[in-house]
2 protein chains.
Amino acid sequence: MQALIITIGDELLIGQTIDTNSAWMGQELNKLGIWVIERIAISDDKNHIIDTLEKNKNRADVILITGGLGPTKDDLTKHVLCEYFGGELIINDEILQHVTEIFSRRNLPMLEVNRQQAMMPNNCKALFNKLGTASGMQWQIPFADKVGQQFIISMPGVPFEMKYIMQTHVLPMLQGLSNTQVHHRTLVTAGIGESFLANKIKDWEEALPPQIKLAYLPAIGMVKLRLTTRGNLNETLEVALDKEFEALKILVKDYLFADNDEPLELTIGNLLLQNKATLSVAESCTGGFIASKIVSIAGSSKYFDGGVVSYSYRAKENLLGVNNQTLQTFGAVSEECVTEMCKGVLQKFNSTYGIAVSGIAGTDGGTDDKPVGTVWIAVGTANKIVAKKYLFSKDRFRNIELTYVYALKMLMEEIKK
Amino acid sequence: MQALIITIGDELLIGQTIDTNSAWMGQELNKLGIWVIERIAISDDKNHIIDTLEKNKNRADVILITGGLGPTKDDLTKHVLCEYFGGELIINDEILQHVTEIFSRRNLPMLEVNRQQAMMPNNCKALFNKLGTASGMQWQIPFADKVGQQFIISMPGVPFEMKYIMQTHVLPMLQGLSNTQVHHRTLVTAGIGESFLANKIKDWEEALPPQIKLAYLPAIGMVKLRLTTRGNLNETLEVALDKEFEALKILVKDYLFADNDEPLELTIGNLLLQNKATLSVAESCTGGFIASKIVSIAGSSKYFDGGVVSYSYRAKENLLGVNNQTLQTFGAVSEECVTEMCKGVLQKFNSTYGIAVSGIAGTDGGTDDKPVGTVWIAVGTANKIVAKKYLFSKDRFRNIELTYVYALKMLMEEIKK
């Protein structure tokens, strides 16, 4: 079973919005064994929308469309689809009641444009949107040139509303229809480049059975490796997939961060939980990025005590007890300073583990002996603190993310000792 | 002049990677008056790549392709394009020297796959990549059905390498060719929904001259409004665009955050700089998210002192001096607690302004009188602190982002007083 995603909106083409919807949809469809063959982003333009539908109407079992369902004038999708499928807009009473309730609950007057959100094409199935005023729409039409039916589904572009409609209506419907499956095993490595990883696993990769495919997914500071098989997962194939995955884990063990596709902060969180340990962080160059990543996991309060963002000398002294003499002699970006920062945060929060980072993220602030990209990371416990120096890149965002990845890698190594 | 973007990689289709490249490319092309007509994401598959090129070869003046240029087996783009354009791969000495240098500088052995990165099709222009081993490629071919030439450009998918090749080679080349222009004026509003904004500016919007187009770009807690004209910007059109933009600013003044398209943290940073003021933050439910946003701006050390992530009662007491009695009586999510947190952070950092937030982000932790989404925000100076209660959503990420937006909005109002 195959899907195609069409996202509508000039903001996607001029780059004012980053498309996170498609990635989420791709992940969810994948779990059902539905392969996204293509993603197309087009403009809020009637002809472009119709043209794209015409070109793609027989290419996939399901076409998922997002965007252009809002109440404003530049939202054309509902009108264009209604016309394209030869329907007519009529009031849907259930949706009207829902929209009315939203406005009365918020104590807001309902405008004519809001009322029009309850107008639906009379030849589609309305996909009720509990979280907003724009409902989804679903058409089911026979393929022109093959047996079966094609589903064309339109949803709002607001991520949490799209997700609601997918989870409530679309995914359960598709789950009933899908018959092939896609299976992945993914692991996360940190601290090794793509080509070195490739070289390390070369012989194993060349000997992979043809029905198992390997993909390298590099991100900042990490490479994910994904094994994939398609088709019905019989016992033999599952055994083969697991066997190859176990072999791969051993080959990359020095760089292995997680043996499933999860964010680093979740892996670390689970590890802290298992060890009944807690963490606090002292951040200079990352400015709260590490803490906010840790906190992005629901339930992180069980193992995360908190942190200090000590951007100035003063903050390092007052909040973390870094010695003024240390700062004067060695500077803030030094082994001595991060070690004292780590000691300080461990004491302040009384946590099992502490992380401290101090560096020159850029774009300015670099010197000859401490160029932009120089970062000191300390990790440890009340008994022992380890500090390492890194030289990352010239790019501020990259340096912040790399500091985060390497700090978590150092922490994992400490916990596993 | 029109462009089309093709991104290659299974990881984009199964949603393992979020495509940020296309957004950046769209923005940069837009500045040159080049309109991105469509973005297509396809799989690492030879037939799919060739099929997509065939279908789109006469649709735009420039086709920008990213991805699939790495050293590993799943990277097919160079080979497929070379074959498609009837070329042959030969060693490029300059690139070979560069790749060799990269490995010797890092004290790493160079592998055969790395050496192959210096093989280039003999019928394209190589776009030298200072930051990595995968060079870009540029073909220039006559249109099949119209006058002129089409450029087909292939770049690596790693964002900072793609950006380097765009900035060094592609954008300067395109700048010389582009003759039409696209002009935008964008403003950012916070704290008002899209349809209310639309109602507020209805009469003005209906009276807009036809050559000026309005777009609503909603994001979490904010709506951006963008005015666009295309074509050569003569004086009359520029005057009209500016006039409409000024009129719009007045209509939305109560919700206006910035009168250009910049992130909130940059607007706030500039405002603090102008007022020679500094900021510190005390974060509970946002866990460092506000601090990390502020610090994402290069040079933020000039106005940002730092922050405390006080995730536990203990941290609120020890680091911010919140009274234990306050926590016992009113709880951590209360006016009293955020006010004391704000006082504490102002004292600790001796900053001009302080922000403190405490809430229940979710997914767990809600109670009947303090459901998930309840957030208290305090903003103020040593003399005066204002606190407000909000009830956001059930979604953890949304609550963290909304807290950030509303905290910055409250801060802006305080600074402007």
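Two strands are taken as paired if DSSP finds at least two bridges between them. By that rule, four strands of chain A form an open sheet in the order β10-β11-β9-β12, with antiparallel pairing. The model described here is predicted.

**The four-stranded sheet of chain A**

The edges of this sheet are β10 (213-219) and β12 (256-258) of chain A; each has a single partner strand, so one side of each is left without a neighbour in the sheet. Neighbouring strands are turned by 30 degrees against each other on average, direction ignored. Within the sheet, β9 (residues 182-190) and β11 (residues 222-230) of chain A run antiparallel and are joined by nine bridges. One residue of this pairing is A:Thr189, whose bridge partner in β11(A) is A:Val223. Helix α11 (residues 264-274) of chain A packs on the sheet and touches β9, β11 and β12 of chain A. The direction of helix α11 makes about 85 degrees with that of β12(A).

**The twelve-stranded sheet**

A further open sheet has twelve strands and mixed pairing, in the order β6(A)-β7(A)-β8(A)-β3(A)-β1(A)-β2(A)-β2(B)-β1(B)-β3(B)-β8(B)-β7(B)-β6(B).

In chain B, strand β3 (residues 62-66) pairs with strand β8 (residues 149-155) in the parallel sense over five bridges. There B:Val62 has B:Phe151 of β8(B) as its bridge partner. In chain A, helix α4 (residues 77-84) lies across β1 (2-8), β3 (62-66), β7 (136-142) and β8 (149-155), and runs at about 25 degrees to β7(A).

The strand pairs described by bridge count are these:

| Strand pair | Sense | Bridges |
|---|---|---|
| β9 (182-190) and β11 (222-230), chain A | antiparallel | nine |
| β3 (62-66) and β8 (149-155), chain B | parallel | five |
| β14 (304-310), chain A, and β14 (304-310), chain B | antiparallel | five |

**The contact between the chains**

Strand β14 (residues 304-310) of chain A is joined to strand β14 (residues 304-310) of chain B. In this pairing A:Gly306 stands opposite B:Ser310 of β14(B).

The contact as a whole takes 95 residues from chain A and 94 residues from chain B. Between them the two chains bury about 7300 Å², 57% of it on carbon and sulfur atoms. On the side of chain B, the residues that lose the most area to chain A are B:Ile14, B:Gln16 and B:Arg39, together 10% of what that side buries.

Across the interface there are 33 residue pairs in polar contact and four salt bridges. A salt bridge links A:Lys73 to B:Glu206, with the closest N and O atoms 3.8 Å apart. Strand β2 (residues 35-42) of chain B gives the most to the side of chain B that touches chain A, with eight residues. The residues of that side divide into 38 nonpolar, 32 polar and 24 charged.

Methods: Residues are numbered from 1 along each chain as its sequence is written. Chains are lettered from A and ligands numbered from 1 in the order in which they are written. This is a predicted model: local features need pLDDT of at least 70, side-chain atom pairs count only at pLDDT 80 or more; totals for chains, interfaces and linings use all residues. Side-chain values use heavy atoms; hydrogens and water are left out. Helices (H or I, at least four residues) and strands (E, at least two) are DSSP runs, numbered from the N terminus. Contact means heavy atoms within 4.5 Å. Axes are lines fitted to C-alpha atoms, for helices over the stretch in contact, and angles run from 0 to 180 degrees between N-to-C directions. Buried area is the accessible area (1.4 Å probe) that two parts lose on being put together, summed over both. A salt bridge is a side-chain nitrogen of Lys or Arg within 4 Å of a carboxyl oxygen of Asp or Glu. A polar contact is a pair of N or O atoms within 3.5 Å; within protein, one must be able to donate a hydrogen and the other to accept it, and residues adjacent in sequence count only if both atoms are side-chain atoms. Ala, Val, Leu, Ile, Met, Phe, Trp, Tyr, Cys and Pro count as nonpolar, Asp, Glu, Lys and Arg as charged, and the others, Gly among them, as polar.
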